[in-house]
Amino acid sequence: MESTLSTFTPYKPPKSPPFSTPFTTNSLKSTIFHNPITNQPLKFTTSPKKIQPLLIKSAISRTKKEETVETVKQHLQDCYFLAGIKYTGFTVKQFQELRAQLPETTKLIVAKNTLVLKAIEGTQWEALKPCMKGMNVWLFVHSEEVPAALKPYRAFQKEKKLEENDFTGGVFEGKFYGPNEFKTLETLPSRAEVYATLLGSLKGPASAVVSTLQAPARNVVMVLKAYVKKLEEEKNGGE
């Protein structure tokens, strides 16, 4: 049997360079790459130029988040009451109308739950954690007159038929109040009412004074603050 000896032609690389144009980072998108064996052009679907905008967008997003957290922290200063309101279904127009109806001491802010949670972490407002579900708009009350801050929203809610957009919860004096407990907050006596009650009891029987002093501590504190303020005003007026 005769054996046949096969011969192979040695591979010779193509004379043309693998790149039809000089390689540079800036010209990567327009550079044509060739397969070194078949000398056929290669196609690429990605380019370094597409990465840069994504990095910039990510940096901007991170900056905005940090700014939101800082804004929430600023509004927590001198804040007496903080509550969440279900935001789903609100229109931009309704949101603007509501803002216009609130007292100057009450601010309405839209912020993600995660960012608000980060801002209240380690503070008395951390009790607001049960509200961190769904979409919320946050009500910051910088006044002791909590009922006066809640009343405008109740009127707005009824007018716009937004029954489903109820309070998701709130924190007052470090205590969490669920949606069903807001009636207690909405019926708190105003400073003027407590002041009038205390003055009236001082003119009446001793039992009336005792009854007033047995009221919640916050009511007595409000009365004392109002009385001190009144004395200061009288003193300044007499000088």
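User: In this predicted model, does Phe90 count as buried or exposed?

Analyst: The model is predicted, and its values are computed from it. A residue counts as buried when its relative accessible area is under 20%. Phe90 has a relative accessibility of 12%, so Phe90 counts as buried.

User: How many aromatic pairs does a search of the whole structure find, and what is the angle between the planes of Phe90 and Phe156?

Analyst: The search of the whole structure finds 8 aromatic pairs. Phe90 and Phe156 form one of them, with 6.4 Å centre to centre. Planes under 30 degrees apart count as stacked. This pair is stacked, and the angle between its planes is 0 degrees.

User: How many residues apart are Phe90 and Phe156?

Analyst: Phe90 lies in the loop between E3 and helix H2 (92-101), while Phe156 belongs to helix H4 (residues 146-159). The pair therefore links distant parts of the chain, and Phe156 counts as buried because its relative accessibility is 0%.

User: Why is the pair of Phe167 and Phe182 stacked?

Analyst: The ring centres of Phe167 and Phe182 are 4.5 Å apart. Planes under 30 degrees apart count as stacked. The pair is stacked because its planes stand at 15 degrees.

User: Which helix holds Phe182, the partner of Phe167 in strand E6?

Analyst: Phe167 is buried, with a relative accessible area of 2%, and Phe182 counts as buried at 1% relative accessibility. The two residues are 15 residues apart and link distant parts of the chain. Phe167 is in strand E6, whereas Phe182 is in helix H5 (residues 182-186).

User: How many residues of strand E6 are buried?

Analyst: Strand E6 covers residues 167-172 and is mostly covered. Phe167, in strand E6, is buried, with a relative accessible area of 2%. Of the 6 residues in the strand, the number buried is 5.

User: Which residue in E6 stands opposite Ala83?

Analyst: Strand E3 (residues 81-86) and E6 run antiparallel and are joined by 5 bridges. Opposite Ala83 stands, in E6, Gly170.

User: What is the bridge partner of Val171 in E7?

Analyst: E6 and strand E7 (residues 175-177) run antiparallel, with 3 bridges joining them. In E7, the bridge partner of Val171 is Phe176.

User: Which residue in the turn between E6 and E7 has a positive phi?

Analyst: E6 and E7 form a hairpin, and 2 residues lie between them. The residue in the turn with a positive phi, of about 55 degrees, is Glu173.

How values were computed: Residues are numbered from 1 along each chain as its sequence is written. This is a predicted model: local features need pLDDT of at least 70, side-chain atom pairs count only at pLDDT 80 or more; totals for chains, interfaces and linings use all residues. Side-chain values use heavy atoms; hydrogens and water are left out. Buried means under 20% relative accessible area, exposed over 50%, partly exposed in between (1.4 Å probe, protein chains only). Helices (H or I, at least four residues) and strands (E, at least two) are DSSP runs, numbered from the N terminus. Two strands pair if DSSP finds at least two bridges between them. Rings of Phe, Tyr and Trp (its six-membered ring) pair if their centres lie within 6.5 Å; planes under 30 degrees apart count as stacked, over 60 as edge-to-face and the rest as tilted.
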